[in-house]
Amino acid sequence: MSAGDVLLWVILPYVAITTFVVGHWWRYRHDQFAWTSRSTQLLDRRVLGWASPAFHYGALAAVGGHVIGLCIPESLTSSIGISEGFYRWFAGIAGGIAGLVTLVGFLGLVYRRTTSPRVRRTTTRTDMLTYFLLTVLIVMGCWMTFGHTLFTSDPYNYRSSIADWWRSIFYLDPNVEAATGAPLVYQLHAIVAWSFWALFPFSRLVHAWSIPLQYVGRPYILYRRRYRPASVAREARSR
Amino acid sequence: MKVRAQVGMVMNLDKCIGCHTCSVTCKQVWTNRPGAEYMWFNDVETKPGLGYPRRWEDQEQWKGGWELDRKGRLRLKAGGRVKKLLSIFSNPDLPQIDDYYEPWTYDYEKLITAPLSDRDPVARARSQLTGAPMDDIHAGPNWDDNLAGAPERIDQDPLTAGIQEQVKATYEQAFMFYLPRICEHCLNPSCVASCPSGAMYKREEDGIVLVDQEKCRGWRFCVSGCPYKKVYFNHKTGKAEKCTLCYPRIEAGLPTICSETCVGRIRYIGLVLYDADRVEAAASVPDEHDLLDAQRDVFLDPDDPEVRARAAADGIPDDWIEAARRSPVYALAHRYRVALPLHPEFRTLPMVWYVPPLSPIVSALEEDGYEADPDDVFPAIEAMRIPVDYLANLLSAGDPEVIRGVLRRLAAMRGHMRKREVLGEHDEEIAGAAGMSVADCEDMYRLLAIAKYDDRYVIPQAHAELGERLMEQQGACGLDFEGGPGNCGMVTPDSEADTEGFMLEGEPGRVDLDLVKMAGGRRRDDAAGQGGGGA
């Protein structure tokens, strides 16, 4: 295990996780005003109508696929009778569809952002870095799904290698060998992904945590009180 | 019965001269900053005309406001909660900025830096969205002011549906009036109901509808959900903004900027007490023509001892109840019944009402060579279809009888006062013919024609002292930072969390006037959530 391996497969993940957690705490506490989707739909609705839902729904499906693939150990799925072959086809086809939909939506969004002068002008440096990382992640993700899982005579079983490493990080016992044995594209995907998570709290991506599911259950009209009767206020104060 | 107070407004359209002073002063105060260039919390539209944003009144296109479902229950016209969440990534009903207009500025610098030349230097228009030159401007604020472009575009006004031919045919003698518009601060606000984040709220004390700038996540459904298109999306901050009814002034007992600066003195501000328990039922009456009376029935009579007792029990301060008795808004909307809500058919129970203009009728008569004598005006009100139908589409969900009734009362007031002042005669017949008493006629005259400042604006101050012992927080405890010399309780960084902004009903929290936090450099809006944060 070289120093480089430790840096990439031990230090980087923990630094990224720390940045992710502390960054979110800091941002949530100090920057509510900029916590928004930063929608540009008002400026230009061209392309957005199909590209944005495609990208977001595709990405949500892809995130779900990652959760299943990385968090559920192979031993668990095989113990309930799901064979590796079946799992591979399921993951490949579902993941392939999600990846393609994400990719097409993402290309549409990039096209719109680069060709619409109004939207281009709203693009910050952080946005550009986010877009760059997303491009790399999505392209490599599709490549892995199609090149290493679906259309190959020798499918790579990431669940018995790099997924073990991913889980081992959270057991605080990083299994570096599980990662270093993976094909290069898997390794690169993982490294870029950690950079992405480190960037996450400082970018517009934070709006992902604000999916307003509570809307389904709340009353339509909300009231707020500015002043409460003194008696109630005193009670709250003494608490 | 749950009594709440609402600050409402009435605008007397007969007196609006379309000078846009309200719009300009409002813009200078609230929307003169990046990302808000295209926003006019207050705008003045020429009617007939397309409005701002163009054709905002056409809810078949924009899907704002409420409608009744097949079972007669109230629902958002744009669809239910699940549908909203599913279309959150691209709001199908959101206007594009071009539906308002692309904001621009001019290369003013050119005027002083241009080299000496035979020709005068020109300041070119530049888009405030892209910075690119805009040589072909085809929309702007008040683009169709004073019927500009009307021959080509007047039939695109949604209100002329069904009366287009008549409006067009009589364009040469067209009637025209101005419609100043602000947020309606509705009793049943569909923008609040549309906001998935719960960032929009109605203040319980005075009914002002605001956007919490820190809770807004930019999902944009308030913009499309408001049928009046009076919630705007700031494209720089990514947050929604809207008319605040100048709440810092209202809280201090002062009228809004638009009202204060109105040269025609057309605006009235006052309290209306209403029954919050009856709002939903009033918004759900099956027949659109009943909405006006349903909303009037939600209003409570502040002279009724039972209402007053109930209001006091519900925490409305005594001076507010007194102010509600003197309210010009309640008088014009309920007592004299000359003010009408804007587009009641949107079912939001709007709280900015309008006295319809008599002038289209009068000027049409004068075109025909009549002196506008009330004896002529009465039959004309019955006979003139176009202005009445048009006003009905605007103010009474298409019921012309309501408009005729109001115009009759306004004409009777004029006739009565003319007889009294010009001829020195006392005639009870004119008022009686419009179903009014002489006393009502003369009171109404005082309110509408004399329109003294103190009669137009009856605004009780906010009761800040009800919040907490504010004096301590502001004054005696001004030095009460950690380790400081203050003596009314230690403020620690931990307690800061409770002191933030507004509390939701029932939650603990405190009024945000805490010097420690200001000194701490936290960029915070004031307690009402909106305002400085957008600036």
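Start by selecting strand β7 (residues 177-181) of chain B: five of its five residues are buried, so the strand is largely enclosed by the rest of the structure. Buried means that 20 or more other C-beta atoms, placed from the backbone, lie within 10 Å of the residue's own. Strands are DSSP runs of E of at least two residues, helices are runs of H or I of at least four, and both are numbered from the N terminus.

This is a predicted model, in which local features need pLDDT of at least 70 and side-chain atom pairs count only at pLDDT 80 or more, while totals for chains, interfaces and linings use all residues. Residues are numbered from 1 along each chain as its sequence is written, and chains are lettered from A and ligands numbered from 1 in the order in which they are written.

Stay on β7(B) and show its side chains. In a regular strand, side chains alternate between the two faces of the sheet. Here Phe177(B), Leu179(B) and Arg181(B) lie on one side, Tyr178(B) and Pro180(B) on the other, and all are buried.

β2(B) pairs with β7(B) in the antiparallel sense over five bridges; pairing requires at least two DSSP bridges between the strands. Look for Thr46(B), opposite Tyr178(B).

Now move to chain A and select helix α1 (residues 3-30). α1(A) bends by about 35° at Ile11(A), and Pro13(A) follows within four residues. The bend is the angle between axes fitted to the seven residues ending at a residue and the seven starting there. Which residues of α1(A) are buried? They are Trp9(A), Pro13(A) and Ala16(A).

Terms used. Buried ≥ 20, exposed ≤ 12 C-beta atoms within 10 Å, placed from the backbone.
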